[in-house]
Amino acid sequence: MVERCKLRKQIKKQLEVLNFQFFCVSLSPDNLCDMLKSLSARLTFRIMAVVLVMMVVIAGVVNYTVREYMLDEAKERYLGFLLENRQEIRRRLSDVYVAAENNVDDIERDIDNPDRMFDHMERIVRQNRPIVCCALLFKHDYYPSKGKVFVPCARRDSTDRLVVSRIDSTYNSYFYGEWFQNQLKADHGCWTKPYFESQLFAGDEEPRLLTTYTVPIHDHDGHPVALLCADMSLEWLRGKMVEDIRSINNHYEKGCRHQSYFFIIDKDGNYVVHPNKELMLTPFDEKVGKAMSAHRGTCKTEVDGVKSWLYYRSIKFVKWTMVIVAPEDALLANARGLYIIILLVMILGLVVIYFICRRLIKGIADPVAMQKANLEHELKIANGIQMAMLPKTLNSPSGAVDLYAALTPARDVGGDLYDFFLRDNRLFFCIGDVSGKGVPAALMMAVVRAMFRSETRRADSAAAIVDTMNRSICEESTAGYFVTMFVGILDLTTGHLDYCNAGHEQPIVTGQPLEVILNLPVGALSDWNYEGQQTQLQPGDILFLYTDGLSEAKNTAGELFGRKHVKDLATEHTTDSPQQLVELMETEVHRYVDDAEQSDDITLLAIRWQSQGGSHSSRLSSTSHLSMSASMDDIGALEPFVTQAAQQAGLDDRETKRLRLAVEEAVANVINHGQATAITLLASVEDNQLVLTVDDDGLPFDPTADSTTDFTVPADQRPPGGLGIMYLHKMTDGLDYQRVDGHNVLRIIKTIHKK
Amino acid sequence: MFKITSSEQIGKLVFNLVGDLDNVASTEAARGFEPVFERTDCDVLIDCTELNYISSSGLRILLNIYKHTRSNHHLVTLKGLSDDVREVFVLGGFLQLFLTED
């Protein structure tokens, strides 16, 4: 009674676990999913926001750095350009200036000879390439013989020919006005503002831009009497600059709407040199002029409505300022390209991060789903272990029964079960199917099997077993699970079958369906009175049991395998061994199902009963069995049992003693070392062999394993132990050991020699 | 059934074993052989003429007697071993420990 209570408690605990699992599994409906979805979306959003902010900051920094770098580089480039051009301009200016100054003394020496002046002019122009025209402007009436105005002059014409002439008429009163007087008074030479040459000289050509160096010429008394004017063309400067700038434009500012350009302004703010000829000698934008405060440097301003950088440098001597106007767009054209590439890479990175985030977060943010998957995985493993523990074959000592079972689980953990074992020369077996699938069904299956094992220890009829199981499950389970079951007890001696069918598929006995009462499934109704049935098997009868996984297997078209199909197959193969029959059914159903997914567990169990006929076994019958506790107190029962079995089997006195020694050593070993509680002995005769089966529930121990002790060594000189096992080997004709269902099953075989 | 009786001759303890010396009988046998372990000055003669059966538990008792007696430089003699019992001694490597006489 106490034991029964304990069992109840155990079952209750298992069912509580079962209910909890059921609760957990049913708790994952849509609202939970939504919650997880929004959680994952929120997480993704936050991460993306942080990444986005970081990227914006990085983009800003990169933009700033690249921009600064590009501007620095442009500044370097243009200031270098300015420096180079300034040198060139200064060189040219100084050529003209030196030529003029050097000739002043020569001219002054010949001041009394007006005709010599032509020679001087001619020489100056001939010897100095940069000077396009050289003239002497004498004061009015200086040489009375030459008239009021005397201007000797030498110049190159458009064909590069040297022309010496008087150009009195071109010098109007303007030249002899205030400007002339001021220049005369100055005691040093100076440069005039640039100007376009007179149309008279230019002829059909476009007038050239010129600048003139003027030096006063003195008479012998030191009074200034004339101005030496050396003209230098600025056309070369314009040409060179346009070309240089073009090469810069092509190199750095290709395709820009506004490109850099270069000009020179004089000290009054007029354009001296400008790529646009029309703008020459026109005033320069005053506002822009003010921005250039120092004599060289960089400033940023707006020129003609275009944001531009100005690079400028003054030329001290002539008081000109060279200016490069570089539109910002043009300067940053390359930077922009670089920036766009960086930005594109960043956006790509952002997209990649987004997808990675979503994937990772989906994995992480689904803890419940993961736990569930884990749980299912673990239960599947547990289920696998459970399956592995199911007995596969029965080691029938008497050979009265041949049995084979197979369970093919579906993809999900399922709830099929079967079990069988021998007790008191009776075969207890069951097959069942827990309603539903998945985790709860698998747990339920474990519970039901444990119940079957424990109930069969005390109950003696199939109906009683089912009845007790039903009440236990109904009392403890609120999950509403039930089990269809078939429980049978087969007397191996007589072939009498006591069975109880609880809503299970009808078994087939040698091609004929076994008549069954329609009981409710176990666990459906607590006060249902299960009714058992009896039948007598004939020797050679084969009992085939299966679960609805077989009869309700569906092919790809959704058609059922069908009970009739099962029955027909069973009818056609009544002479097959249980293993053959089970394997045949498996093959057939697999062929039928083909590519369709197996939706339910398929469990098959086949049992063939053989009459325990023959002269030897008839003599053994009921006395062939001995149950004893695993204690030396009970060992006295061994000798009469073994001796009787041996004598009945026809062994002589010597062989009887030898068998007795073997069995005694085996049992003593179990008692001394096995920690067993019960030992069952069974004697049977198979062909011409007497088989004594020792079955115990102790620690696993295989006495048939090889021993390392050498028994030819005198007993006092070798390690103790192993002696009994040695006798077990020496005194018998064969040993067979199996660990079956938590039991050690040792078959001790003795050959019977006919007298 | 097992029975053990003992007597003392000059310089020699004599035991007479009757029946089956198996696990059941081992306790009784051990008690019967106690005089051996109280003495250090004599040989031991075990009469096995009427010994029907012996198992390893019996052999262990005889091994202990042998060890005790030998350590005192005395001898253990087995008398009248039947073929069946002799086989058990031989297989276990016990016969060479003892003197035997018919």
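Predicted model: local features only at pLDDT ≥ 70, side-chain atom pairs only at ≥ 80, totals over all residues.
Chain A holds 19 helices and 27 strands. Of its 755 residues, 35% count as buried. Among the contacts in chain A with a separation of 6 or more, 65% are accounted for by residues 24 or more positions apart.

The bridge partner of A:Ile264 in strand 9 of chain A is A:Val273.

Among the helices of chain A, helix 11 (residues 438-458) and helix 12 (residues 462-476) have axes that come within 10 Å and cross at roughly 130 degrees. Helix 11 and helix 12 of chain A are therefore oblique to each other. The crossing in which helix 11 of chain A passes helix 12 of chain A is right-handed. On the side of helix 11 of chain A, the contact involves A:Met451, A:Phe452, A:Glu455 and A:Thr456. These meet A:Ile465, A:Thr468, A:Met469 and A:Ser472 in helix 12 of chain A. By class, the residues of this contact are four nonpolar, three polar and one charged. As a general point, an α-helix has 3.6 residues a turn, so residues three or four places apart point the same way.

Chain B has an open sheet of five strands, ordered 1-2-3-4-5, in which the pairing is mixed. Strand 1 (2-9) and strand 5 (99-101) of chain B stand at the edges with a single partner strand each, so one side of each has no neighbour in the sheet. Neighbouring strands of this sheet are turned against each other by 20 degrees on average, direction ignored. Strand 3 (residues 43-54) and strand 4 (residues 76-79) of chain B run parallel and are joined by four bridges. In strand 4 of chain B, B:Lys79 is the bridge partner of B:Asp47. Helix 1 (residues 23-32) of chain B packs on the sheet and touches strand 1 and strand 2 (12-21) of chain B. The direction of helix 1 of chain B makes about 10 degrees with that of strand 1 of chain B.

The side chains of strand 4 of chain B alternate along the strand.

In the contact of the two chains, 22 residues of chain A are in contact with 19 residues of chain B. Helix 18 (653-673) and helix 19 (723-730) of chain A each supply at least two residues of the side of chain A that touches chain B. Helix 18 of chain A gives the most to this side, with seven residues. The side of chain A that touches chain B comprises eleven nonpolar, three polar and eight charged residues. On chain B, the residues B:Asn23, B:Val24, B:Ala25, B:Ser26 and B:Ala29 of helix 1 are buried. The buried residues of helix 1 of chain B pack against helix 18 of chain A, together with strand 1, strand 2 and helix 3 (56-71) of chain B.

A:Thr510, which is not a glycine, has a positive phi of about 45 degrees. A:Thr510 is placed in the loop between strand 18 (508-509) and strand 19 (512-513) of chain A. With 17 other C-beta atoms within 10 Å, A:Thr510 is partly exposed. B:His73 is likewise not a glycine and has a positive phi of about 60 degrees. The loop that holds B:His73 lies between helix 3 and strand 4 of chain B. B:His73 is exposed, with 9 other C-beta atoms within 10 Å.

Definitions and conventions
Residues numbered from 1 in each chain as written. Chains lettered and ligands numbered in written order. Contact = placed C-beta atoms within 7 Å. Nonpolar A, V, L, I, M, F, W, Y, C, P; charged D, E, K, R; others polar. Buried ≥ 20, exposed ≤ 12 C-beta atoms within 10 Å, placed from the backbone. Pairing = 2+ DSSP bridges. Axes fitted to C-alpha atoms, helices over the stretch in contact; angles between N-to-C directions. Parallel < 35°, antiparallel > 145°, perpendicular 65-115°, else oblique. Left-handed = near helix turned anticlockwise from the far one by under 90°.
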